[in-house]
Amino acid sequence: MAHVQKRSPGKYRVRYRDPDNKERSRTFKKKSDADRFAASVETDMARGTWVSPDRGRQLFSEYAAIWLSTLDCKPKTRAGYESILERWIMPTFGNRPVEKISWSTIESFKAEMSNAGRSPQTVKNALNVLRPILDLAVRDCALVVSPARDVKSPKVTASSVAKFESAETIAALAATMDKESGLLVLFAAFTGLRAGECAALRVGDLDLLRGRLTVRQSVSEVHGKALFTPTKNHRTRSVALPAFLRDQLVTHLEKRGVARDQTALVFSSPDGSVLRHSNFYRRYFKPAVEAYGLDGFRFHDLRHTCAAMLIADGAHPRAIMERLGHSSIKVTLDTYGHLFPGLDEALTDGLDTQYQKAISVISRPLRGLSELRRSA
């Protein structure tokens, strides 16, 4: 409850307690102004829209630090957020009080990034970090509403649509590489594992007799260090191995002398240490891809190739989701949905075949609905 007290001629003080039970006050020269302020304070606190005057003066950088400290994510993800903050957001907003950040300042920031030639995806990434920090300031009663609430991210074109190649192309590409590098390319394309999951796979994760493997971890590179982390969705999954991969893996592990070492890495760098994807990509994969004429084809596109092959074989989206380790079937359909319509003609032919087969075994003509009604 806000109270108005007359302190001296021409001085009226409004006293009230904020949501944290901290006593606050403000002095006015006119009683009418003090009454209006007291009424607005009570209304704002009742509605949950009260804003702390001192918290609004806190710098954006302070809330950014709080936000980072509350994140529950992988080290690589955190490093990505820190990079976006340091490179794009802090130079503009870091030393600015959050109460001084408006919709127009964010729109200007967005326009400046675009005018400087930053891609729509880069601008979108920056806004995706800016928004939760300002939302935190709202929850902390520093702002009534987030100034980023109505700021729209730029549209990202379909330039990053999943690429894929045929099994013949992947096999031919792998044949141009050394045995171990070629096996890794085939393994990624015919299992659908992510690069980090391939690098984290251990001999004990393989069941070559039954033709299956278990994906338990992933390797991430953060600030130059290789870190073993849970899989992207923190889930363990089982993946079936094609017969040709089982045979090649047996030869590969025996040649390295680690076939019976359950803790040994299936794929490693030449010196036996953890395989760093950045090194493998730069030294082996990219040169091979360019020499073969597949410019722009990424290692991650081997995973897309696996999905495309499964779709071409008529695999159900749910089975593809389980194999690739997607968090939901929506992710699978959003990523590969454009490939499924290509099966429509084959599915239609299959339905027609089933109908023709059905009517060929009918021993007598079917009576129509009108005939059934007359006989009823």
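**Labels and their cut-offs**

Modeller: Not counting residues up to four places away in sequence, serine 220 touches Lys76, Lys225, Ala226, Leu227 and Thr229, where contact means heavy atoms within 4.5 Å. The model is predicted, so local features need pLDDT of at least 70 and side-chain atom pairs count only at pLDDT 80 or more, while totals for chains, interfaces and linings use all residues. Residues are numbered from 1 along each chain as its sequence is written, and side-chain values use heavy atoms, with hydrogens and water left out.

Biologist: Where is serine 220, and is it buried or exposed?

Modeller: Serine 220 is in strand E6 (residues 217-222); strands (E, at least two residues) and helices (H or I, at least four) are DSSP runs, numbered from the N terminus. Its relative accessible area is 8%. Buried means under 20%, exposed over 50%, and partly exposed in between, with a 1.4 Å probe and protein chains only. Serine 220 is therefore buried.

Biologist: What makes valine 156 partly exposed?

Modeller: The relative accessible area of valine 156 is 34%, so the residue falls in the partly exposed class. Valine 156 sits in the loop between H5 and H6. Leaving aside neighbours within four places in sequence, valine 156 is in contact with Pro120, Gln121 and Lys124.

Biologist: Why is glutamine 121 called partly exposed?

Modeller: Glutamine 121 has 35% relative accessibility and therefore counts as partly exposed. This residue belongs to helix H5.

Biologist: Why is histidine 234 called exposed?

Modeller: Its relative accessible area is 58%, so histidine 234 is exposed. Histidine 234 lies in the loop between strand E7 (225-230) and E8. Its phi is near 55°, a positive value in a residue other than glycine. Cysteine 141, in the loop between H5 and H6, also is not a glycine and has a positive phi of about 65°. Most residues other than glycine have a negative phi.

Biologist: What makes H3 roughly perpendicular to H5?

Modeller: Helix H3 (residues 75-93) and helix H5 (residues 120-139) pack at an angle of about 80°, with their axes 10 Å apart. The axes are lines fitted to C-alpha atoms, for helices over the stretch in contact, and angles run from 0 to 180 degrees between N-to-C directions. Angles of 65 to 115 degrees count as roughly perpendicular, under 35 as roughly parallel, over 145 as roughly antiparallel, and the rest as oblique. H3 is therefore roughly perpendicular to H5.

Biologist: Which residues make that contact, and how do they divide into nonpolar, polar and charged?

Modeller: H3 contributes Tyr81, Ile84, Leu85, Trp88, Ile89 and Phe93, and H5 contributes Thr122, Asn125, Ala126, Val129, Leu130 and Ile133. They divide into 10 nonpolar, 2 polar and no charged. Here Ala, Val, Leu, Ile, Met, Phe, Trp, Tyr, Cys and Pro count as nonpolar, Asp, Glu, Lys and Arg as charged, and the others, Gly among them, as polar.

Biologist: How do you know that E4 and E5 pair?

Modeller: Two strands pair if DSSP finds at least two bridges between them. Strand E4 (residues 206-207) and E5 have 2 bridges, in the antiparallel sense, and leucine 206 has leucine 213 in E5 as its bridge partner. The two strands form a hairpin with 4 residues between them, and glycine 211 in the turn has a positive phi of about 70°. E5 is also joined by 4 bridges to strand E8 (residues 237-240), again antiparallel, with arginine 212 partnered by alanine 240 in E8.

Biologist: Why do E4 and E8 stand at the edges?

Modeller: The open sheet of 3 strands has the order E4-E5-E8. E4 and E8 each have a single partner strand, so one side of each is left without a neighbour in the sheet.

Biologist: What makes a set of residues a nonpolar core?

Modeller: The term covers buried Ala, Val, Leu, Ile, Met, Phe, Trp, Tyr and Cys residues joined through side-chain atoms within 4.5 Å. The largest such core here has 41 residues, of which Val185, Phe187, Leu213, Phe267, Phe285 and Leu302 touch the most other members. H7 gives the most to this core, with 8 residues. Apart from it lies another core, of 29 residues, among them Phe60, Tyr63, Val98 and Ile106.
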